Amino acid sequence: MTRIPTKQEVLDWISANPTLTSKRDIAKAFGIKGADRIDLKRILKELEAEGHLEKRKRSYRDPDRLPPVSVLQVKAPNADGDLFARPLEWHGEGVEPIVLIIARASDPALGEGDRILARLTVVHEEDHNYEARLIRRIGTNPRKIVGIFRKGAEGGRIVPIDKAGSTEWLVAEGAALGARDGELVEAEQAGPKNRMGLPRARIVERLGDPTAPKAVSLIAIHQHGIPDDFPDKVIAEADKAKPVGLKGREDLRDMPLLTIDPSDARDHDDACYAHADDDPKNPGGHVIWVAIADVAAYVRPGTALDREARKRGNSSYFPDRVVPMLPDRLSGDLCSLHEGVPRACIAVRMQIDANGNKIDHRFVRGLMRSAASLNYAEVQEAIDGHPNDRTGPLLESVLKPLYAAYAALKKARADRQPLELDLPERKIVLNDKGEVESVAFRERLDAHRLIEEFMILANVAAAETLIAKRSPLLFRVHEEPAPEKLESLRETAQAAGLNLAKGQVLQTRHLNALLNAAAGTEDAELINLSTLRSMAQAYYSPENFGHFGLALRNYAHFTSPIRRYADLIVHRALISAHGWGKDGLTEDEIARLEETATHISDTERRSMMAERDTTDRYLAAYLSERVGNEFTGRISGIARFGAFVKMDETGADGLVPVRSLGREFFHFDREAGTLMGSDSGLIIAIGQRVTVRLTEATPVTGGLELELLSIDDQALPRGRGPAKRSTRRKAASTKRKKDKIKRKVERKRRQR
């Protein structure tokens, strides 16, 4: 009888022979034949169950080792110019192995982001565990640069357009793609970075005139790496989609659900309807329906559409365009709840009492038909007594019941006390040429607040349902402020003569008391901005840590699946939890929930930064014709290199460089958040009212440079002269010595 190897002997063989790991190879190595193969199969199964082995097709490998041929992603070269790579097939439990790429003379140049197929060899070096030899490059994702091309004798340079003023890039003559001097271009890194000199790049797209209105958002899109073209396969999948019918759904087509959106809305993903509750057990109560586009019916897990939607994470909105999460066939057509058209939806029926407290809710998968697509302004005008032809027929039967339910929800909101920040939102108005026509502040109507409260209630219902059904989901998390940020807010409040309670568990009601105390005073904007800055960043997580700002224990995003991937995940979780179909949350998605949460939190921040940069550039373009004009504003930030001012008229932020603050040295106090003049004693601090002169506006970067003229209506004092820092230090040292001598003489005089 053949001796069957022990488990350890099998593991040792697999480790020593990573390319001979099939059951046939192992049996041959140990001379196992015939019926004895059953025992070998049992041993391999046990090792697999114990986690020592991982089955890959018909072979086995150690899960804490990389396969001999692996897909790698090239990292940036280190200080010595060595190229390392991240193993994309690493699934082990320990520290991710370090892979060094051994380049041969015949290999193509590899750069950061390149994906390669490589053959690996196990080594035992101090700085790496594997050595990789290139088989072939299978895809690239090199670093991208957006900037202004400056033509030179042998190619040229790219000057980045970001405010940070990062390094310029060299472009070889054959890598300029015919770009003209001064043209906006997108380029990618060309090979590994040189140890000395400027890095090299090759131009991959010419974006045109950097001062053209259409370039403003385009710069941000390319600079932040927001995908703005759908792959052909994704478009093909979207084009094949057909409208969903009634089968297996609740018929909601006769319910007068309305969509209420901005007048320029590109899509409609939520609709609502309310009526007085006829349940005698709920006197004065209301029933609220919120219906949301059933995107999950069209975007199935694992499809090209789903992968692209997850990659984007969310839609990005700019004054002149939208970069959607889904192709227009879905976002603007099949999934959009257009007036008078049957549309698939997931709806929630919520029952609230007379004080706005939710006492019951249930979800359905339905088919609806929007009774009307209205905008906020016309709805508010109708309620205020000025209905139009669209809102008039709906006023008594639909609009007034909506506002009656909202009035009840306001009572519950007042009891809950979510954070009530008062920070006007800027609205950039463009003309037909894409140029800035005006900068205004968006009007906040009760119609806006009504929809917000309905959506918040629906989001809470989704979270509570999935928690009750023990279903995995993504929560929208907003943690309470960090202690150091609260202390900074407390100091700002005290400087304004206000008080923030200390020594108790912080609640939003405490912050609201501070905001209410500041309301109507000169410090109102300062306190609102400082409170906002003390807040933590909201994010997505499979774990529930509550939503501090909304004062809610359970909260998830359910109401915008056309533009947010997080909401699509919640929809799929609801589908699985209710057994509505096979298009629910898959096991693979559940396993990747934490990874998905991190990714879409990052894409959300990416969009916010791109949208903010675009606003800054539009404002700089708008103000570029007013260089030399004076503006009022308030100090909004302090740094070592200067002070930031938020201007009243436009809300634009500009920098007063410290070099322009008179002929003296300014000391930066990080803890106090101040700049103090060494000669004049002038203190510049957050919240001070100022008058400034606009000295420079750069639309390409969005930068504004200001000159400080007065602080709190007092002319800016000037220092005594441009003394060098070393001279000032010597003078200060001499003064300290003289003071010491004087004190010594005074002590002796008293002793006598």
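How many helices and strands does the secondary structure of the chain come to? The chain has 17 helices and 34 strands; here helices (H or I, at least four residues) and strands (E, at least two) are DSSP runs, numbered from the N terminus. The model is a predicted one, in which local features need pLDDT of at least 70 and side-chain atom pairs count only at pLDDT 80 or more, while totals for chains, interfaces and linings use all residues. Residues are numbered from 1 along each chain as its sequence is written, and side-chain values use heavy atoms, with hydrogens and water left out.

**The whole chain**

Buried means under 20% relative accessible area, exposed means over 50%, and partly exposed lies in between (1.4 Å probe, protein chains only). The chain exposes about 38,600 Å², and carbon and sulfur atoms supply 48% of that area; accessible areas come from the Shrake-Rupley method with a 1.4 Å probe, and for residues only the protein chains shown count as cover. Among contacts between residues at least 6 apart in sequence, 66% join residues at least 24 apart, where contact means heavy atoms within 4.5 Å.

**The barrel**

Next, select β8, β9, β10, β12 and β11. In this order the five strands close into a barrel with mixed pairing; two strands pair if DSSP finds at least two bridges between them. Neighbouring strands of this sheet are turned by 50° against each other on average, direction ignored. For such values, axes are lines fitted to C-alpha atoms, for helices over the stretch in contact, and angles run from 0 to 180 degrees between N-to-C directions. Zoom in on β8 (residues 144–152) and β9 (residues 155–160), which pair in the antiparallel sense over six bridges. Lysine 151 has glycine 156 in β9 as its bridge partner.

**Strands β15 and β16**

Move to residues 270–276, strand β15. Five of its seven residues are buried, so the strand is largely enclosed by the rest of the structure. β15 pairs with β16 (residues 286–293) in the antiparallel sense over seven bridges. Within this pair, alanine 274 stands opposite isoleucine 288 in β16.

Select histidine 361, which is found in strand β20 (residues 358–369). Is histidine 361 buried or exposed? With a relative accessible area of 19%, histidine 361 is buried. Its side chain makes a polar contact with the side chain of lysine 358 (3.1 Å). A polar contact is a pair of N or O atoms within 3.5 Å; within protein, one must be able to donate a hydrogen and the other to accept it, and residues adjacent in sequence count only if both atoms are side-chain atoms. The side chain of histidine 361 also reaches the backbone oxygen of alanine 461 at 3.3 Å. Not counting residues up to four places away in sequence, histidine 361 touches Val348, Arg349, Met350, Ala461, Glu464 and Thr465.

Now select helix α10 (residues 446–468). At 1.5 Å a residue, its 23 residues should span 33 Å, and the end C-alpha atoms are 33 Å apart, which agrees; the expected span is 1.5 Å times one less than the number of residues. Since 17 of the 23 residues are buried, α10 is largely enclosed by the rest of the structure. Just after α10, arginine 470 takes a positive phi of about 55°.

**Threonine 508**

Go on to threonine 508 in helix α12 (residues 508–518). This residue is buried, with a relative accessible area of 5%. The side chain of threonine 508 reaches the backbone oxygen of glutamine 417 at 2.4 Å.

**The open sheet**

Finally, select β29, β30 and β31, three strands that form an open sheet in that order with antiparallel pairing. β29 (666–669) and β31 (683–685) stand at the edges, each with a single partner strand, so one side of each is left without a neighbour in the sheet. β29 pairs with β30 (residues 674–677) over four bridges. Histidine 667 stands opposite methionine 676, and aspartate 669 has threonine 674 as its bridge partner.

In a regular strand the side chains alternate between the two faces of the sheet. β29 has a covered face, Phe666 and Phe668, and an uncovered one, His667 and Asp669. Four residues lie between the strands in the hairpin of β29 and β30, where glycine 673 takes a positive phi near 70°.
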